[in-house]
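Please walk through the contacts in this model.

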Amino acid sequence: MNEVVLCDLRGKFGHFRRFYTNSSSLSYPIPPPTVVRGIVGAALGLERHEYADRLAGLRMGIGVRQPLRTIMQTINALMVKNASDKELRGFEARTQIPTQLLIPDTRQEDWDRTSLCYRLVLVPPAGLSGQELAAALRAPIYPPALGVAYCLAWFEAVEIAEGVLGADDPELADYHGALEADAIVEFALDDRVRRKLSRDRYPLRLDRDRRLIAASDLIVDLLGNPIRCRYRGAWAQVGSERWAVIG
């Protein structure tokens, strides 16, 4: 049995910029593993040059709790070329950037009591206990954000549980969260269940200079339903739920 930390990551808006976009900022629907490491590092109070090494062994499951949708907004950003006082204070010309934002898929009258919600299942790395990680999520040193700084977030339902870790199960099973596409051997989806499957290429790891060193295609159900399949990847059994784990 292994200690596993569970939590809900919530926020009103989100934007997780796809690393292969240029002039228009398109967003992933879920936080990539690189973002989750950054959020955990911020909660622990780690500096940007150290969290990549300290959290290299962090494994995670990432799932959707609240259905979401996207909107396009034009962000009026500062045009900073020389970091002059006028540029930083907004007195020079600005630049407008079309940006895809994530918002909860809900009725207008329910907006005030609804937020984006991602379920995180975190397997602490060596040198970090589940108690330390849970304490940091309950009282983060630096505030979490859903991608960019103006999309502030918060943690809820932080708890520590016992989990069984495994990999390469030859049997069919229901897997929660994002799965590595290359590790799926066979789907066995129930046609009676409404789904919204998303597949995209996500960044998995950055080096100490924040350069991309690993990426992979992930598949996730944006309605939060488990995906029944035969899976060669890593997983964590937490209670009655089996979560796909990304290393």
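Glu-156 and Arg-10 form a salt bridge, with the closest N and O atoms 2.9 Å apart. A salt bridge here is a side-chain nitrogen of Lys or Arg within 4 Å of a carboxyl oxygen of Asp or Glu. The pair links distant parts of the chain. Glu-156 sits in strand S8 (residues 153–176) and Arg-10 in strand S1 (residues 2–11), 146 residues apart. Helices (H or I, at least four residues) and strands (E, at least two) are DSSP runs, numbered from the N terminus.

Glu-156 is partly exposed, at a relative accessible area of 34%. Arg-10 is also partly exposed, at 22%. The cut-offs are as follows: buried is under 20% relative accessible area, exposed is over 50%, and partly exposed lies in between (1.4 Å probe, protein chains only).

## Basis of the model

This is a predicted model, in which local features need pLDDT of at least 70 and side-chain atom pairs count only at pLDDT 80 or more, while totals for chains, interfaces and linings use all residues. Residues are numbered from 1 along each chain as its sequence is written, and side-chain values use heavy atoms, with hydrogens and water left out.

## Other salt bridges

The structure holds 18 salt bridges. One of them pairs Asp-85 with Arg-89, with the closest N and O atoms 3.3 Å apart. Asp-85 and Arg-89 are both exposed.

Asp-169 pairs with Arg-242, and here the closest N and O atoms are 2.6 Å apart. Asp-169 is in strand S8 and Arg-242 is in strand S14 (residues 241–244), so the bridge ties together parts that are 73 residues apart in sequence. Both residues, Asp-169 and Arg-242, are buried. Elsewhere, salt bridges with shared partners join Arg-107, Glu-109, Asp-110 and Arg-113 into one network.

## Aromatic pairs

A pair of aromatic rings is described by the distance of the centres and the angle of the planes. Rings of Phe, Tyr and Trp (its six-membered ring) pair if their centres lie within 6.5 Å; planes under 30 degrees apart count as stacked, over 60 as edge-to-face and the rest as tilted.

The structure holds five aromatic pairs. In one of them, the ring centres of Phe-16 and Tyr-118 are 6.1 Å apart and the planes meet at 75°, so this pair is edge-to-face. Phe-16 belongs to strand S2 (residues 16–17) and Tyr-118 to strand S7 (residues 116–123), so the pair ties together parts that are 102 residues apart in sequence. Phe-16 counts as buried at 2% relative accessibility. Tyr-118 is buried too, with a relative accessible area of 0%.

## Helix H1 against helix H4

Helix H1 (residues 33–44) packs against helix H4 (residues 130–138) at an angle of about 85°, with the axes 8 Å apart. That makes H1 roughly perpendicular to H4. Axes are lines fitted to C-alpha atoms, for helices over the stretch in contact, and angles run from 0 to 180 degrees between N-to-C directions. Angles under 35 degrees count as roughly parallel, over 145 as roughly antiparallel, 65 to 115 as roughly perpendicular and the rest as oblique.

H1 contributes Val-40, Ala-43 and Leu-44 to the contact, and H4 contributes Glu-132, Leu-133, Ala-136 and Leu-137. Contact means heavy atoms within 4.5 Å.

## Two buried residues

Ile-103 is in strand S6 (residues 94–104). Ile-103 is buried, with a relative accessible area of 6%. Leaving out residues up to four places away in sequence, Ile-103 touches Lys-12, Phe-13, Leu-68, Arg-69, Ile-71, Trp-111 and Leu-116. Ile-103 and Arg-69 are 34 residues apart in sequence, and their C-alpha atoms are 5.6 Å apart.

Thr-34 is in helix H1. Thr-34 counts as buried at 13% relative accessibility. With residues up to four places away in sequence not counted, Thr-34 touches Pro-203, Leu-204, Arg-205 and Leu-206.

## Positive phi angles

Most residues other than glycine have a negative phi. Asp-168 is not a glycine, yet has a positive phi of about 55°. Asp-168 lies in strand S8 and is partly exposed, at 46% relative accessibility.

Arg-210 has a positive phi as well, near 65°. Arg-210 lies in the loop between strand S11 (197–206) and strand S12 (212–221). At 40% relative accessibility, Arg-210 counts as partly exposed.
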